[in-house]
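This briefing describes a single protein chain, grouped by topic. Please keep the sequence and the model at hand while reading.

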Amino acid sequence: MHLPGRWNGPAVDRATAVLVARRAVELGARHIDTAAFYFSGRGRANDILRAALRPYPADVTIATKVGPLRGPTGEMYGEARPDQLRSLVEQNLQDLGVDVLDLAVLRARRRFRPACR
């Protein structure tokens with residue numbers, strides 16, 4: 001999520017972010033964890049990964065998450081309904097420039113009940 005920088009944090013230079021992603025794979029990273037909702041006002045993680053790694057090495061697993069909904073100004077405003085999940089997966093496919101995702105995870109908020117006493 002921090003590849004493009006934090007929403008309210010310091011800017012991350014896109015060229016630097018691309019180099020970081022490439023270097024991580026060069027050093028042995030084989031699992032890339034991303035999501036279309038990982039973005040800042042200056043960039044999107046999936047765009048950076050596509051620029052850095054496409055065509056993706058065959059031994060690198062791309063995992064993405066869907067579920068949380070995030071507005072264009074960065075606020076999380078809800079969770080996807082079941083009928084929205086397919087389009088969220090398709091958005092990740094398109095953003096990453098792949099035909100198949102190795103792993104798509106539904107990220108849902110945990111709802112905890114207070115312990116009974």
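Contact, as used throughout, means heavy atoms within 4.5 Å. The model is predicted, so local features need pLDDT of at least 70, side-chain atom pairs count only at pLDDT 80 or more, and totals for chains, interfaces and linings use all residues. Residues are numbered from 1 along each chain as its sequence is written, and side-chain values use heavy atoms, with hydrogens and water left out.

**Overall architecture**

- The chain contains 3 helices and 7 strands; helices (H or I, at least four residues) and strands (E, at least two) are DSSP runs numbered from the N terminus.
- Their order from the N terminus is α-β-β-β-α-β-β-β-α-β.
- Along the principal axes, the C-alpha atoms fill a box of roughly 50 × 30 × 30 Å.
- Of the 117 residues in the chain, 38% are buried; buried means under 20% relative accessible area, exposed over 50% and partly exposed in between, with a 1.4 Å probe and protein chains only.
- Among contacts in the chain with a separation of 6 or more, 72% are between residues 24 or more positions apart.

- H2 is largely enclosed by the rest of the structure, because 7 of its 9 residues are buried.
- Those buried residues are Ala 45, Asn 46, Asp 47, Ile 48, Leu 49, Ala 52 and Leu 53.
- The cover over the buried residues of H2 includes helix H1 (14-26), strand E1 (31-35), strand E3 (43-44) and H3.
- Asp 47 belongs to helix H2 (residues 45-53) and counts as buried at 14% relative accessibility.
- The side chains of Asp 47 and Arg 50 are joined by a polar contact of 3.3 Å; a polar contact is a pair of N or O atoms within 3.5 Å, where within protein one must be able to donate a hydrogen and the other to accept it, and residues adjacent in sequence count only if both atoms are side-chain atoms.
- Not counting residues up to four places away in sequence, Asp 47 touches Arg 14 and Asp 95.
- Most peptide bonds are trans.
- The peptide bond from Arg 54 to Pro 55, however, is cis, with omega near 0 degrees, and Pro 55 lies in the loop between H2 and strand E4 (61-66).

- The structure holds 1 aromatic pair.
- This pair is edge-to-face, because the rings of Phe 37 and Tyr 38 have their centres 5.3 Å apart and their planes at 85 degrees.
- Rings of Phe, Tyr and Trp (its six-membered ring) pair if their centres lie within 6.5 Å, and planes under 30 degrees apart count as stacked, over 60 as edge-to-face and the rest as tilted.
- Both Phe 37 and Tyr 38 are buried, with Tyr 38 at 10% relative accessibility.
- Tyr 38 sits in the loop between E1 and strand E2 (39-40), and a polar contact of 3.1 Å joins its side chain to that of Lys 65.
- Arg 70 lies over the face of Phe 39, at 4.2 Å from the ring centre; the criterion is NZ of Lys or CZ of Arg within 6 Å of the ring centre and within 35 degrees of the ring normal.

**Asn 92 in helix H3**

- Asn 92 is located in helix H3 and, at 1% relative accessibility, counts as buried.
- Its side chain makes a polar contact of 2.6 Å with the side chain of Thr 64.
- A polar atom of the Asn 92 side chain also lies 2.9 Å from the backbone oxygen of Leu 88.
- Beyond four places in sequence, the residues that Asn 92 touches are Ala 35, Ala 36, Asn 46, Thr 64, Lys 65, Val 66 and Leu 101.

**Arg 109**

- Arg 109 is found in the segment after strand E7 (103-106) and counts as exposed at 54% relative accessibility.
- Leaving aside neighbours within four places in sequence, Arg 109 is in contact with Gly 78 and Glu 79.
- Arg 109 and Pro 68 are 41 residues apart in sequence, and their C-alpha atoms are 8.3 Å apart in space.
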